[in-house]
Amino acid sequence: MKLNYFSSSHLAAAIAAILVSYGSSAVIVYQAALAFAATPEQINSWFTSLGLGCGLLTLILSIKYKTPIMFAWCTPGAVLMISTMGIPMGEAITAFIFAGALMLFVSLTGFFDRIVALIPRTLASAMLAGILINFGSRVFTSMETQPVLVMLMLLTYLLSKFRFARYSLLLMLVVGFSYAYVMDLLKLDVLQWQAPTLVWLEPSFNLQSIISVGIPLFITALVSQNVPGMAILRAYHYDTPGKPLINSSALATVLLAPFGAFFINLAAISASLTLGKEVDPDPSKRYRANVLMGIFYLILAACGGAVVSLFTALPSELLWALAGIAIFGTLISNIDTAWSEPATREASLITLLASASGMTLLGIGSAFWGLLIGVGVYHLNRKIKSL
């Protein structure tokens, strides 16, 4: 690759996305592993296998389709598993394999593509906007505890956009980390190196565990990650076929589950950080940020269990400010798209409000319900107008 293949904006977007992906959920995955009584070596294997799977899929498929495709683990699924106590690791592994195999079946039969085809682009944008509003607002709630850090990052971002728009995210990162280091906000004492390892976790069959872990994990990954993730790509006019993406991630889950990769799927929220025009004015070149991201995933996989201590060392306010500020451009773009068609504005508004509400029904988050209700309103309005 040429030296100028990657720009600073590609690098900044990749760093932001990987920090948001890991920083917001690495500890959750750690707690999920503990729910199944995982040993430190097994936890190391969980992070090594997840980093390998996400990194290889993100790197290879982004290059293949020249599209900014990002894969991640199912954080909502990890949250669900934290409440699951008393299930042996072997039975949990079988449930992971079952969930991945079920996702593969849904994709191969074409059912997944039919779901995505029912979602108008304006509603997908409204759903993402609703989710991102919560992330954006954390910039200001983080000021309560670290006002100088967050204000410096926000000011750097806003001022640099006048002259150095393509470098604004990178400059914001540098300023944030520098301030955190100078003010001794980095908890460097918690950093612990652990060599990466892959430990075979022998599956064992138990129908009750499959029902209590495998099926909820499949549903959560489908409705909160894969469907929104694909809808977001469509909202940015990327027409990459969904079947090979879902097939690849589901197959990777089946193959890597015995090492602790509980579920790999399309990313939704963090994926949006590499989709906007601030990453690259040319949509055909934005995938380069994801190529870098895939490399970063593999580097973090090489850190194994040390990943948890790495992100524990960073102040949470830095991570939330980074996540919130980085999505400003994406949020504006999605709000603009959501209101672009008068015929769908009411459905878009309902989708946005429901997605931003943070509600949880039947263990499923607001992104799914916002999209479901919005699509229902959209088709109802079309039906009424046709009468």
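**Packing, up close**

Author: Let's start with the contacts in the chain that have a separation of 6 or more: residues 24 or more positions apart account for 83% of them. Contact here means heavy atoms within 4.5 Å. Before going on, a word on what you're looking at: this is a predicted model, where local features need pLDDT of at least 70 and side-chain atom pairs count only at pLDDT 80 or more, while totals for chains, interfaces and linings use all residues. Residues are numbered from 1 along each chain as its sequence is written, and side-chain values use heavy atoms, with hydrogens and water left out.

The chain has 17 helices and two strands; these are DSSP runs, with helices (H or I) of at least four residues and strands (E) of at least two, numbered from the N terminus. Of its 387 residues, 57% are buried, meaning under 20% relative accessible area with a 1.4 Å probe and protein chains only (exposed is over 50%, partly exposed in between). The C-alpha trace spans about 65 × 55 × 45 Å along its principal axes.

Now for the spot itself: the pairing of helix α7 (residues 121–141) with helix α17 (residues 366–386). They pack at an angle of about 145 degrees, and their axes are 10 Å apart. Those axes are lines fitted to C-alpha atoms over the stretch in contact, and angles run from 0 to 180 degrees between N-to-C directions. From α7 come L123, A124, M127 and I131, and they meet A367, L371, G374, V375 and Y378 of α17. By class, that contact of α7 with α17 has eight nonpolar residues, one polar and no charged; Gly counts as polar, Tyr as nonpolar.

For a second pairing, look at α10 (residues 207–235) and α11 (residues 242–256), which pack at about 145 degrees with axes 11 Å apart. Their crossing is right-handed. N226, M230, L233 and R234 of α10 make the contact with G242, L245 and I246 of α11. The classes here are four nonpolar, two polar and one charged.

One last stop is T337, in helix α15 (residues 328–338). T337 counts as buried because its relative accessibility is 12%. Leaving out residues up to four places away in sequence, T337 touches R121, T122 and S125.

Key:
Left-handed = near helix turned anticlockwise from the far one by under 90°.
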